[in-house]
Amino acid sequence: MVTAAPSVPYPLSVRRLGPNWYATVMGTAVVATAGAALPAHVPGLRGVLAGVWALSLVLLLALLAGRAAHWARHRDQARAHLLDAATAPFYGCLAMALLAVGGGALAVGRDWIGLRAAVTLDAVLFTAGTALGLAAAVAVPYLMAVRHRVEPGHATPVWLLPLVAPMVSAAVGPPLVPHLPPGQARETLLLGCFALFGLSLLATLLMLPLVFARLLTGGPLPLALTPTLFLVLGPLGQSTTAVGAFADAAPGVVPEPFGEAFGALAVLYGVPVTGFALLWFCLATAHVVRARRHGMRFSMTWWSFTFPVGTCVTGAGALARHTGLVAYAGPAVLLYAVLVAAWATAVVGTVRGLLRGELLAAPRPAPAAPRPVTVRTTSGAVR
């Protein structure tokens, strides 16, 4: 009796490790930072959040090593990613991953590594993430214009990714302001973050109509891309978070009446943008429900449910802080519950996909061709 050999899973390969994998770092880090921004105090929560942040740091280091190996060993594939209109926008995720982990270090990571180390780590990651984010915001649209040959019907929310990275810098930079010397240094950083806010906001306002028009005139997105509709929440929630951070850092840093103006901006900008974010959340959810009914299966795009929702949590938390209204504290808590559920689902799906050899699997070797067989028929002919 011959026993069949057990099936061997596909070997994992960094060749298929694209820049979209940085979304796992972003989605994990925002669970920590959004939890720290909640208006409600939960005993023991900060210890859990610090552990989640530490996990995001480990993921970041692992992915940086994996992507370095990808560029060293598979330069052809890395170049193909840059020249692919569907993949190149994900290079903005590298910048946002650095920024998310850096912001988390100052928000909750300091409980484990100390304030001084947290400030140093945040400063390094903020500087690197901002530089890479600005590079992506210029390079990716340039490649789309001169190399990718995109059409309006190809527009997806993924196109927003390189444009949102400077907004993440704008949101995580202000907490560093008090750790700089008073005077020029603090005001320069704060107004520099405000400039990044304007850069990202205006670029998003140019790109978002293309995405919305594609959705209305071209029909629903392909099933696998449907979760990316949640990416639109990223610039909305992150910009609301940013103006709240400006209002927190401005007093004593910029002369009056600009300090008070930042406080007014946090409310006058944040309230209507949050309203639109809630509208888009409902629209995107309806599309996802439809896609699930049509057979949408797990893919890495499910990480789109994490970071954008987390920015809405921090944005609602900022509004609750500056208005004192329970009307914003309640949605912040509810959205955080959604975030945690989405993160857990994405983690389970990703781990299962890796164990099954579906997400980073190298292609199986082609089976050897069977040897030709000659058969002689009863008439004597050879086949």
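Leaving aside neighbours within four places in sequence, Phe 246 is in contact (heavy atoms within 4.5 Å) with Ala 170, Pro 174, Leu 190, Cys 193, Phe 194, Phe 197 and Phe 262. The model is predicted, with local features needing pLDDT of at least 70 and side-chain atom pairs counting only at pLDDT 80 or more, while totals for chains, interfaces and linings use all residues. Residues are numbered from 1 along each chain as its sequence is written, and side-chain values use heavy atoms, with hydrogens and water left out.

Phe 246 also belongs to the largest nonpolar core, a set of 101 residues. Such a core consists of buried Ala, Val, Leu, Ile, Met, Phe, Trp, Tyr and Cys residues joined through side-chain atoms within 4.5 Å. The members touching the most others are Met 96, Leu 190, Phe 197, Phe 246 and Tyr 336. Helix 4 (residues 92-113) gives the most to this core, with 12 residues; helices here are DSSP runs of H or I, at least four residues, numbered from the N terminus.

Val 288 lies in helix 9 (residues 258-293). Its relative accessibility is 12%, so Val 288 counts as buried; buried means under 20% relative accessible area, exposed over 50%, and partly exposed in between (1.4 Å probe, protein chains only). Not counting residues up to four places away in sequence, Val 288 touches Thr 226, Pro 227, Phe 230, Met 296 and Phe 305. Between Val 288 and Trp 303, the separation is 15 residues in sequence and 13 Å in space, C-alpha to C-alpha.

Leu 216 is in helix 7 (residues 184-217), and counts as exposed because its relative accessibility is 60%.

Methods. Helix = DSSP H or I, 4+ residues; strand = E, 2+ residues; numbered from the N terminus.
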